[in-house]
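Dear colleague,

I am handing over the structure below, and after it you will find notes on a few places in it. Please read them alongside the model.

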Amino acid sequence: MNRRDLLRGMAMSAASAAVLGAAEAQRNVVQLGTSPRDGVSWQKAPCRFCGTGCHVQVGVRDRRIVAIQGDPLAAVNRGHLCVKGYHVGLAPYGPDRLTRPLLRRNGELVPITWDQAIDVIADRIQANPAGFGFYGSGQWTIPEGYAATKFVKGGLGTNNIDANARLCMASAVTSFIATYGVDEPASCFDDFERCDVVICWGNNPAEMHPVLFSRFIDRRSRGEQVTLIDIGTRRTRTTGYAQHYLEMKPHGDLAIALGIMHLLIREGTYDRNFVERHCAFRALQEANPTLQGEAIDFETWKRRVEEYTPERVQELSGVPAAEIRRLAGLFGNRDLRITSLWCMGMNQHTRGTAVNNLVHGVHLLSGHWGREGDGPTSLTGQPSACGTVREVGTLCHALPGGGAVANPAHRAAAERLWSLPEGRISDQIGPHTMEMFRQFGLRPEEGGNIDTIWVQVTNPGQTIPNASEYFDRSRTIPGKFLIVSDVYPTLTTRAADLVLPSAMWVEKNGMFGNSERRTQQWFKMIDPPGEARDDCWQTIAVARRLFDRGHPGMRDAEGRFLFHTTDERGREVPIWDFRRYYDVNVDERLFEEYRGFTATKHKNLAPYREYVAARGLRWPVVEKPDGTWQETRYRFVEGEDPFVPESAGFQFYHSTSNDDRAQIWFHPYEPPPEVPDTEYPFWLCTGRVLEHWHSGTMTMRIPPLRRAMPQAYLELHREDAPQLGVANGDRVRVESRRGAIELVAWIDGRGQPPRGSVFVPFFDERLRINLVTLHEYDPFSKQPDYKKCAVRLRRVGRGAAS
Amino acid sequence: MPITGAVILLPTEEPARRALFERLERDPRVELGIEAAGRLALVVETETTRECTNLFDELSALEGVGAVLPVFHDFSDFHDARDAQAGPSDARSER
């Protein structure tokens, strides 16, 4: 058999395994390890891109990735891939990888050694430790995020660390905490196999989480009846699969949820038994509102939702009253199983915490909670937004395992686990993302206390809203120093003072945690190019340099290095020396240390070795009497969650009311902070596209994906276009009160915004829509709203099609 | 040439199924595999990866097709082409 025939056979085997399901997959799957027939070595890894957490098998030959197979043994994707996952093996092979550290001298980035680069960072930190901020992302692996958190909180004694997940799911976090007392979804992706109805709240999973969405479409292909209701501000690919499309005005989601609640009460179709046993009611205080809010009684709560009649909701949301009644009718029917899905639409929202709370409240009030297929499920956009940012706690208020820096017991526990002197961890919450970059853009005398930011695995130059104000301005202020670790040149590296070349994905060991609490592990398979090195090593190397210079924070209570690591004989391994970094499995050491935090909020994790063997495990993972480790599908549910006692039914054991109850919140409808007017008459919504992942730094370097979607565009309605004198392909200036860019018009394109509304994707660094977007953010989550602001449009040039 | 394994989520209506199979069977790039539970396995061999994704886009747009999901992708040709473009010394310099 020649190689081509062999490959065809492997491809058919993989496809057959995906068709036949897990049992057959066991027999047909490409065996991990090296194939003697073609010399390709196969190892498992989660996909590098979104938060679905698909597993792939990576084929490596001659130290290069040559093939990718969807892992048929993975519960998340069952062998399937999306177009990005299909190309993920090409992500490391863009032609312009960063391969050497670069320092800006006389305006130019010039090569320096790693040793010099580490010195530069150490100098900056020592000059003003309180002015140093670390900014990462949900693409940090779990050990990378853990090391960064320990470095800042345990070493520098500040909380000046945050992550770009602030920009994508912080409102989900605050809402989970406000509703259940603890972050992250209680349900899981198994819901897709059991639900009768899926409601997408401002969510487009057909493009953004396509493999996950295919699990639902797969059921239809088998002849099952599943209803899809799409609630959104523009028609998307998801709309094409929906039986019902409810087009709402921006912020209409608040009103829709309130309207459903109103009808459940008025019609008496709420789940009285569930509510009486398991729920309490809550609202914001009138003065100085907090995320904790204040308890209110059921009668007070009912009075507050009274005004949200279907007719009033129609007025506020634009969704017909009959559709509100339809939704309430579905929720009033306990025989159905209803899954609510959301992602950026509800999170990037100046009332994101509120609308998240209300959707949880709809499910709790109606008793559509805690059964397979029956509950609220938020999705994330990054591969480890949950595993790293939310669970490890790479946020300015957080500690690993769900702890909070404001909680003295959590600080004490962290100091104990890190062997730190008492009082090392600061109780002062650090600057969140928007505040960190605001301060970075101000002179010290203006309150700009942050003078150095180290960015790892993200691209704020492209993704921060109102970018000229919140990113570009800092580049004009003397004394502000930007350090960026990345794999490719980006808008952020181009603006940086120091650039560090990083290893990516399977060029290093790693662990991710996906949107359903599933922790995943992989091993390094190929070498990074040139002098590129692991982000985690970079952090440890800087910590060591500070230790060597006598920085007291880099020593634990016994005087040892903060990242003290020993071999099996107890001898210290100098992991700060990159030549020795892989002498031990640093990921395993850091993960095992991190595990010590995870029982605090019942986010228990298994030993590292269990993740080596598995295609991910959903926490809490607990050891059974027979020594095996058991994952959890549904939290707070008897028989599923190991921490819920028998006969409890449901138990919200982190309840903010300390009575094992979840909170059903009331929040009023509130209008968006900026609405179209005569000067800026259009709504602008921004977002992603199927082919590109976030700011496009990887996918724009994968030739087939770049060709499939080569540049950003402006979607507008076919009836708005002629009034503006715009035809398909014309160049249009999109301008807000903050900035402007020019884009090519696409009428009747992939997505279809309603009249008076336009959409622009943010993946294209040449067309930076975040010069235009709004920086206003939710008061609790501090997450900005990229989904709605006011713009005006003007044709500036004819396109080829005109 | 890139070789891709994929799964099609099939239409439930018979006319749409028939049209899909007719389309696939007349395409020399496509080899059909097993069908079960509304899914069909296939292998596609194309000149370029782009040609393959174009084919998937076309199939996805056919009436009743739920999705076309790739499951296997061999792209060793990509490295061969890049090596040839870079020349023997450059091709090894970054490794």
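Helices (H or I, at least four residues) and strands (E, at least two) are DSSP runs, numbered from the N terminus. This is a predicted model, in which local features need pLDDT of at least 70 and side-chain atom pairs count only at pLDDT 80 or more, while totals for chains, interfaces and linings use all residues. Residues are numbered from 1 along each chain as its sequence is written, chains are lettered from A and ligands numbered from 1 in the order in which they are written, and side-chain values use heavy atoms, with hydrogens and water left out.

In chain B, Ala37(B) sits in the loop between β2 (30-36) and β3 (39-45), and its phi is near 50°, a positive value in a residue other than glycine. At 45% relative accessibility it is partly exposed (buried is under 20% relative accessible area, exposed over 50%, partly exposed in between, with a 1.4 Å probe and protein chains only).

His251(A), in the loop between β11 (244-247) and α11 (252-266) of chain A, also has a positive phi, of about 75°, although it is not a glycine; His251(A) is buried, with a relative accessible area of 1%.

Asp785(A), in the loop between β31 (757-761) and β32 (789-797) of chain A, is in contact (heavy atoms within 4.5 Å) with residues including His251(A), Gln348(A) and Leu774(A), leaving aside neighbours within four places in sequence. Asp785(A) counts as buried, at 1% relative accessibility.

Finally, a cis peptide bond with omega of about -5° joins Trp619(A) and Pro620(A), and Pro620(A) lies in the loop between β23 and β24 (622-623) of chain A.

Best wishes
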